[in-house]
Every structure is written in structure tokens, then in C-alpha cells.
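User: Hey, can you walk me through this one? I'd like to hear about its strands and its cavities.

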4 protein chains.
Amino acid sequence: MPDAANPSPQDGPACGRFEAGRHVLPVRVYYEDTDYSGSVYHASYLRFLERGRTEFLRAASVSQRDLHARGGLAFVVRRMSLDFLKPAHMDDVLAVATVPRDIRGASMTLAQEICRGEDLLLSAEVLVAAVRQGRAVRIPEVLRAALRPGVPHP
Amino acid sequence: MPDAANPSPQDGPACGRFEAGRHVLPVRVYYEDTDYSGSVYHASYLRFLERGRTEFLRAASVSQRDLHARGGLAFVVRRMSLDFLKPAHMDDVLAVATVPRDIRGASMTLAQEICRGEDLLLSAEVLVAAVRQGRAVRIPEVLRAALRPGVPHP
Amino acid sequence: MPDAANPSPQDGPACGRFEAGRHVLPVRVYYEDTDYSGSVYHASYLRFLERGRTEFLRAASVSQRDLHARGGLAFVVRRMSLDFLKPAHMDDVLAVATVPRDIRGASMTLAQEICRGEDLLLSAEVLVAAVRQGRAVRIPEVLRAALRPGVPHP
Amino acid sequence: MPDAANPSPQDGPACGRFEAGRHVLPVRVYYEDTDYSGSVYHASYLRFLERGRTEFLRAASVSQRDLHARGGLAFVVRRMSLDFLKPAHMDDVLAVATVPRDIRGASMTLAQEICRGEDLLLSAEVLVAAVRQGRAVRIPEVLRAALRPGVPHP
């Protein structure tokens, strides 16, 4: 059991890893994620994508709770485009891949994919903005450096 | 209490209504829809949009359960683009507006908006496909006629 | 469309009503509430129950957001017992009934039921505590009076 | 990446492990699990508990999807009692512990706990029933043997 009181970025069950410049987070499909069509409910993929972004930030040493505590910096989703290509099913193990595409002053665009083995199930482009108390703010330089595409991660 | 065993399209608490060619469904924000940022969780808006589409279909005399029962016709989301413009908050009463834009053989595009009073909070374009047992099928003519944009609804 | 900027307690799509001393809220089942068993996901009923409690409080002139704003009073669930008797299904219209059983200094017990027509699907007993910044506080007298069982509501 | 088409019980990111006769599953808290109180939404704990039960069954070589496929055996929740003792927060790493208490013909009672480090946050007792097409059925002997309390697991 990790030390939950003082979790380091590498702590925990689902931090994922960097592979060829992309952050990859494994995600298991449970009952809660499905609907009566027998497959995964379409909005559940957004929860998987958000877990991927959160673990990507954490892997870059950025805890969302720490950001929130230090002056209340948070990332909010401003725009999303989503292609639902194939359905995921109960008990599937999926991989959520996240890679930064474009980091601007107060926002960044992330490319995200959800795969099952070799199958691409969903592809997404997500624009997130840095906000403090509801207002757009500049992404801190230390964070910007950590998130820069192509920067090798341990 | 409506007869839940044989609900007519007009039954129930949240069917919404047609206004100037758009279907409008009121939605209340509850605890379940929010996250610790204090506002509505971004994926919750997709649930609101889906309620809007379901009630839009029901208002056009199309129960999703009936479609499912009769040969298993269902609508699945193939593509979505979403602009998150302003946040919604706990206890807000929102309006989900749905209007068909383009009905093709086996798919249709819907324009959807979520408003709070005069404020536009989210705008979306949603491509849904008709499927039967996972395969794309032609939208039945009776349904196509009922969904046609510009057709006046009672 | 209600005035969402200044919603009065009676505003909105889903406030429910008092019937024979019980608050009754109609709830429609959507895709989001189901799982791949084909029925409603068991945790979804807790969301329905919470909507029922929120509307019950609102009907007693208590907006949870107002409580939160005025010194941060909130109600949190301390204990629940739940009997899942029959499943609910997609498109069902359910009724969530809420009645206070026992109001103490800083907590109250509510009896709740979920029905579909004459069928009782779920019965629950819920202990909620009044808290301010994480600490138990006394339920304000005005609220206590409004919630008292047997008090006739308009 | 595990072979998702043929996952073995040990596959995947979140299978947990047996510790002193209890199955323990680590769970990370994400945005999706919280509400505007700043803590975890009360119904989210039920999702964590269900993940714990699913991984407990999987660890006992029982895939819920396999059960469903083979004649449609499924476990459904019949009764739950829940004590919410302390709140969990964003980014927390929790541990969901599951231990069978009583295995009967067509049902079993599980004791479950959610902890953060040494802190007990929630304790639950859950009665689940084996059903096939909505009817109670006897738990298969092979499954009963695998689930028996006190049986050492690898």
C-alpha cells in the first residue's frame, strides 16, 4: 500500500508510464462504465481520458490537488473533439495514451487515444486551459517545461 | 404517477417541449453532476446532452427501448465536438436544446446547446449512427420523417 | 424556462410534490443509469435518492447551494441501508419518495423508497448529518421546523 | 499491454492482491469521483466497492463476463449497509478490502472496507445473489469452492 498521506508522483495503482514520448495509462472496464447496450457508455470514455490527463500531469510531477492548493491553479476542458471508432466491453483492459501537441500561454492541446491491444477505439483532441478562481492564467514555467512535447521522461 | 408499464411519449417528468423548431429539455444540476472544482464535471454535460437526444426522440414518438426491442435498433454516438463556454453550478436549472441538422441513410447530425437562462454554456455537434447488433443500418422511413428538421411538432 | 439566475424553490423541472406527508419526485431512467446487465446500475439508485433528498429540502425552502453559501452548512450521508427489491429499466419513470423519520440535534434519519407504479423497487434508510467545514453542527431551528414530520406542506 | 482478448486473472492494472485472507484493491480518486463539497461523492464509494468485488471474483478465477457468457450467470446486489466514517479526497490512493463472510445456496455476504493508509473511511456489508435471466440460481460448486473464506489464494 503506498503512503497515501504523502504520495509521490510514482505512487499508486494507475500511474501509467511513458512509451515513445506518449503517456500510457491502463484502465479496466467495470460495470459502472457500461450501459444497457452491452458496451461502454459513451461519456465513460471522457472519464478515462481525464484519468489519463491527470496521471500524465502527475507523472510530470504535477498533482492536481497541489496545483489547486497552491493558489488554486486548475486545468479545465475548453474544447473536445471525439471520434468513437469501436466499442469497449465489460472487463476489457484499455490503454489511454496522452501526448501534448501544443502548449500556449494559458492553454494546451493534448492528443489522446484509447486502445484495446492493437485496436484503436477512440481518438480525441482536447484543449485545456489553466484557470485560477475561474480566470485564465498563464501556465507556470516549471510546469510548461515539464510538459513540453519531446522532453524525455524517466 | 404515469403508467410506467405503458408510457406514452408525453408521460414522465422531463420530456421537454418544442420551441421554434428546437427540442428543449430542462435539467436540474445535482451533487452527482459536480466535481471538487465547485462546478459541473465536464463529462456530466454529455449525460445532459444524451437525455436531450433521448427526449427529442421520444417526443418524435420514438422510445429507445421500443427501438431496441424491435430488432435491436439503437443510436450510437460516432463523433462529437464540444465547446465548453461557461461553467454550470449546483442547483442550476439548465436547458438542453436539440435540433437535427442533417439526416442521412444510416446516421444523422444533431446540433445541441446547453443554456442557463440567456447564457450559452456549451455548444455541441453530435453525429449518431443507427445500428442493429453492432452494424450500421438504414434509419427507418417513419423515423426519418418524424425527425426531419422543420417538421412542425405538436 | 424558469429564471435560473434567481430560481425560487418551486422552479425547475423536477421538484416533485408532497403526497400524504411524503415528498415524491419523478425520475426518468436514461442510458447513463443502466449497465450491461440491461437494468439500472445499483449505484445509480443512490443518485436518484440524493435527488429526492435535495428536492425534498428545496420543497421545504432549503436550497443546498444557499446552505453552503451561508456559512457552508451541508448535509452529508453518514449511514445507509438499502434493499434492492426489483430492477428498474431503461426509459422507466420512477418515483422517489422521501419522508423524515427522526430529526435530532445535528442529524436526521430519512426513509426513502423508489417505486415504478405500484411496484416497490428499493427501500432505504438514510442518516444524514449537518456539517460546517467538516464538523458536525446543530441543524438550524428554522430548518428543523420546516422538516418536521407531519407538518403539512403546501 | 495485456492481451485484452484473452485476459488471464492476473492481467491488467488493478487486480489487487490477497493479504491475510482479504482481497485488497488499490483505487485512485479522480475528478469524476468528487463533488462540489470538495470530497468524494457518496455514491462513488459504491463504484469502488463494486470494483473490489469484481477483482475479488477475478482473482478467484471468475470473470464476470465469462459468467455472463456461460448461461448468463451474474451477481446482483440485494442488500447493502454502509457506514461513511471519514471523507476521501481528490488524488487519494484508497484500498478496497473484500472478504466473504457467508456463502449460501444462491447468495453470499461480503464484508468490505475502504481505507486510506491506516484510516478506515467506509465499512460495508453487501449481500449479492447469483441470478440467471433475472432468477435466483445456485452458485456453481467450483465457484463456491474458490470463494470459500479462509481458502488460501496464490
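This is a predicted model: local features need pLDDT of at least 70, side-chain atom pairs count only at pLDDT 80 or more; totals for chains, interfaces and linings use all residues.

User: OK, start with E1(A) and E2(A). How many bridges join them?
Analyst: Three bridges join strand E1 (residues 17-19) of chain A to E2(A), and the two run antiparallel. Phe18(A), for one, has His23(A) in E2(A) as its bridge partner.

User: And what's between the strands in that hairpin?
Analyst: Two residues sit between the strands of the E1(A) and E2(A) hairpin, where Ala20(A) takes a positive phi near 55°.

User: Which other strand is E2(A) joined to, by six bridges?
Analyst: That's strand E4 (residues 93-103) of chain A, which runs antiparallel to E2(A). Arg28(A) has Val93(A) as its bridge partner in E4(A).

User: Is E2(A) mostly covered or exposed?
Analyst: Mostly covered: strand E2 (residues 22-28) of chain A has six of its seven residues buried.

User: Switching to cavities. How many of 30 Å³ or more are there?
Analyst: Five cavities reach 30 Å³ or more. The largest cavity has a volume of about 470 Å³.

User: What lines the largest cavity?
Analyst: There are 24 residues in its lining, and Glu32(A), Arg47(A), Arg47(B), Arg47(C) and Arg47(D) lie nearest the centre of the largest cavity. The elements giving two or more residues to that lining are helix H1 (44-59) of chain A, helix H1 (44-59) of chain B, helix H1 (44-59) of chain C and helix H1 (44-59) of chain D.

User: How does the lining divide into nonpolar, polar and charged?
Analyst: The lining of the largest cavity has eight nonpolar, eight polar and eight charged residues.

Note on methods: Residues are numbered from 1 along each chain as its sequence is written. Chains are lettered from A and ligands numbered from 1 in the order in which they are written. Side-chain values use heavy atoms; hydrogens and water are left out. On a 1 Å grid over the protein atoms alone, a cavity is a set of points where a 1.4 Å probe fits but cannot get out, and a pocket is an open set with protein on both sides within 12 Å along at least five of seven lines; lining residues have an atom within 4 Å of a point. Grid points are joined across faces, edges and corners, and a volume is the space filled by probe spheres set on the points. Helices (H or I, at least four residues) and strands (E, at least two) are DSSP runs, numbered from the N terminus. Ala, Val, Leu, Ile, Met, Phe, Trp, Tyr, Cys and Pro count as nonpolar, Asp, Glu, Lys and Arg as charged, and the others, Gly among them, as polar. Buried means under 20% relative accessible area, exposed over 50%, partly exposed in between (1.4 Å probe, protein chains only). Two strands pair if DSSP finds at least two bridges between them.
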